[in-house]
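Thanks for coming, everyone. Let me put the structure up, and then I'll walk through a few helices and some backbone details.

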Amino acid sequence: MSDSRIDVKKTYKLFIGGAFPRSESGRTYEVKDSKGNFIANPSLASRKDLRDAVVAARGAHGGWSGATAFNRGQILYRIAEMMEGRTAQFVDEIVALEGVTPSVAKKQVEEAIDLWVWYSGWCDKIGSIYGSTNAVSGSFYNFTIPEALGVVTVFAPAKPSLLGLVQSLAPVLAGGNTAIVIASEKYPLGAITLSEALGTSDLPGGVVNILTGSPAELAPWASSHMDIDGIDASGLSTAQEKDLRIAGADNLKRIFRFKEAKSPQRVLSFMENKTVWHPIGV
Amino acid sequence: MVTTAAALTDGSLASIKGFLKTLSPVDQVGADARAAMLATRSIKTASKKWAIDMAISMIDLTTLEGADTDGKVKAICNKAIRPDPTDPTVPHVGAICVYNDMVATARKHLDESGGGDIPVAAVSTAFPSGRASLEVKERDTKDAIADGATEIDMVIDRGAFLSGDLEKVYSEIVYIKSLCGDKAHLKVILETGELVTYDNVRKASFLAMAAGADFIKTSTGKVAPAATAPVVLVMLEAVRDFYEMTGVRIGVKPAGGIRTTKDAIKQLVLVKETAGEEWLNPGLFRIGASALLNDLLMQRQKLTSGHYGGANYVTLD
């Protein structure tokens with residue numbers, strides 16, 4: 001190969017409904033590495049892209065929440081497999097953006113991959129551990145079962161960029177929800193590469209939708225959107241979260257912030273308990 | 001022009017055939033490009049609100065399923081009268097479109113529920129294939145009119161059209177039109193998805209208009225592709241030209257595949273830019289749809305409330 005070869009640069013795009021479109025607005029913005037050098041021009045998603053993502057996520061919800069928990073677990077595990085093959089790419093991006101050493105970056109990637117495996121195991125256990133059989137005064141069986149909430153929007157912590165994203169996204173999916181991820185504005189490359197791994201993970205189109213751009217711009221629209229059921233606000237400032245809660249009050253949006261990376265409570269937060277009465281002896 | 005107009009209106013098949021031979025072929029690439037160009041127009045805020053209300057009032061709210069029941073038909077009648085129960089400023093739809101045996105149910109329910117001014121359209125003449133004898137088609141049409149349908153959506157015999165038997169197509173339309181008389185409007189479904197070329201669409205449009213159609217309609221909704229923008233463009237050009245020749249305005253009804261507000265607004269832009277503003281009313285332009293209405297309502301709610309709605313906030317049927 002001669003020195004004169006021109007690099008084939010990647011166009012950084014959104015991930016909506018299993019496809020990789022540009023922003024409908026045509027906007028992009030600059031991402032710089034930790035030293036301030038230009039590194040990429042990802043799409044700057046608009047509220048219309050958000051709305052399209054909600055339509056995709058809502059459309060995918062029936063299939064994903066209706067799939068067997070075991071099948072969802074297999075697919076989350078498959079995501080870990082697909083990420084493993086892209087470890088080097090994730091490491092390079094984290095090193096460039098966050099300015100950490102390769103070994104620190106590698107540790108973050110491995111933790112993120114292992115976290116998928118951890119949450120994949122929860123898919124078919126959450127119901128049996130947190131569901132219950134309730135004693136009632138009548139000839140009925142009475143069961144309570146946690147079920148998927150619906151469409152959840154994820155504002156993941158900016159740093160550590162990949163691990164923060166996975167610890168917000170994986171529990172949402174494990175509970176059977178479909179998700180819209182608003183990637184960190186400053187460190188979006190991990191989310192974009194993750195979308196490419198998700199695209200080859202047997203994950204049905206629309207179950208995860210990833211938007212790059214400005215969380216501050218999209219947050220109010222996400223919060224007032226009647227067809228988004230929950231928000232993981234871990235990546236927003238407390239001031240932004242306050243606005244989010246005001247805008248989401250009308251539609252009773254479930255808004256949470258989390259600290260622990262690994263907790264079944266993160267899965268349960270985006271589930272609703274359904275209680276079923278069944279007559280005994282019929 | 002006078003001779004052309006005569007060819008279209010003197011009722012003789014020979015002169016119409018002669019006229020169809022003089023039709024220039026459709027520039028397919030040009031039609032596609034023009035339709036695509038008009039689709040890029042951005043309609044926002046006040047114009048969008050106007051367009052949404054106009055589109056709602058143009059909808060032929062349709063249910064054409066083998067699984068239709070009285071209950072479902074009554075439900076869509078309720079929706080036709082008051083599309084958004086939470087907002088009385090939403091206009092009622094253009095018409096209800098149902099199968100023949102549901103006409104009586106729909107008419108009765110509309111009349112009893114304050115929808116007396118909403119017409120019922122019946123799909124007729126062995127819809128959707130049209131593969132039946134003329135006797136069957138006649139009975140089908142008479143039944144619908146007797147039950148209270150004031151709009152008849154008939155299908156043309158595409159097999160006859162494609163094999164060149166224009167006489168059969170023409171005479172059927174003329175005959176069904178005679179059954180409609182002054183009791184019902186006649187919409188002629190060309191089923192453009194089966195006509196293959198734009199040239200055929202143009203030809204079939206003129207044939208139907210000359211035979212007495214009050215409306216020309218793209219599709220049954222059972223065949224894909226249905227109401228694509230270029231096809232609607234070709235049909236709108238045909239009604240415009242027909243008006244210039246004869247002074248008679250024929251309506252257009254795209255049906256099938258129009259599911260979003262964006263699609264509907266694109267259709268309105270096509271109408272305005274091709275046929276003209278006179279066609280921007282439910283008397284001359286209708287949209288055959290079912291799912292579209294909910295999307296229009298959601299967009300309307302967005303304009304009113306400032307935030308995006310969801311399918312859980314509009315009625316299902």
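Start with α5 of chain B, whose buried residues are B:Val73, B:Ile76, B:Cys77, B:Lys79 and B:Ala80. Buried means 20 or more other C-beta atoms within 10 Å of a residue's own, exposed means 12 or fewer, and partly exposed is in between, with C-beta atoms placed from the backbone. The arc is taken over the directions from the helix axis to the C-beta atoms.

Before going on, the ground rules. This is a predicted model: local features need pLDDT of at least 70, side-chain atom pairs count only at pLDDT 80 or more, and totals for chains, interfaces and linings use all residues. Residues are numbered from 1 along each chain as its sequence is written, while chains are lettered from A and ligands numbered from 1 in the order in which they are written. Helices (H or I, at least four residues) and strands (E, at least two) are DSSP runs, numbered from the N terminus.

Back to α5(B). This helix, residues 70-81, has twelve residues and reaches 17 Å from its first C-alpha to its last, close to the 16 Å expected at 1.5 Å a residue. The expected span is 1.5 Å times one less than the number of residues. What do the buried residues of α5(B) pack against? They pack against β1 (59-63), β2 (95-99) and α6 (103-112) of chain B. Contact here means C-beta atoms, placed from the backbone, within 7 Å.

Next, α7(B). It has 13 residues and reaches 18 Å end to end, first C-alpha to last, close to the 18 Å expected. Buried here are B:Lys137, B:Asp140, B:Thr141 and B:Ala144. Down the axis of α7(B), they fall within an arc of 90°, so they line one face of the helix. The face turned away from that buried side carries exposed B:Glu135 and B:Ala146. The buried residues of α7(B) pack against α6, β3, β4 (151-155) and α9 (166-180) of chain B. After α7(B) comes B:Gly148, with a positive phi near 115°.

Now a helix pair. Two packed helices are described by the angle between their axes and the distance between the axes. In chain B, the axes of α12 (229-246) and α13 (261-274) come within 9 Å and cross at roughly 30°. Axes are lines fitted to C-alpha atoms, for helices over the stretch in contact, and angles run from 0 to 180 degrees between N-to-C directions. α12(B) and α13(B) are therefore roughly parallel to each other. The contact includes B:Leu233 and B:Leu236 of α12(B), and B:Leu270 and B:Val271 of α13(B). Roughly parallel means under 35 degrees.

Finally, the backbone. Most residues other than glycine have a negative phi, and most peptide bonds are trans. Which bonds are cis? One joins B:Phe127 and B:Pro128, with omega about 0°. Another runs from A:Lys159 to A:Pro160, omega near -5°. A:Pro160 sits in the loop between β5 (151-155) and α6 (161-174) of chain A.

B:Ala126 has a positive phi of about 55°, though not a glycine. B:Ala126 lies in the loop between β3 and α7 of chain B, and B:Pro128 is in the loop between β3 (120-124) and α7 (134-146) of that chain. B:Ala126 is partly exposed, with 16 other C-beta atoms within 10 Å.

How values were computed. Contact = placed C-beta atoms within 7 Å. Parallel < 35°, antiparallel > 145°, perpendicular 65-115°, else oblique.
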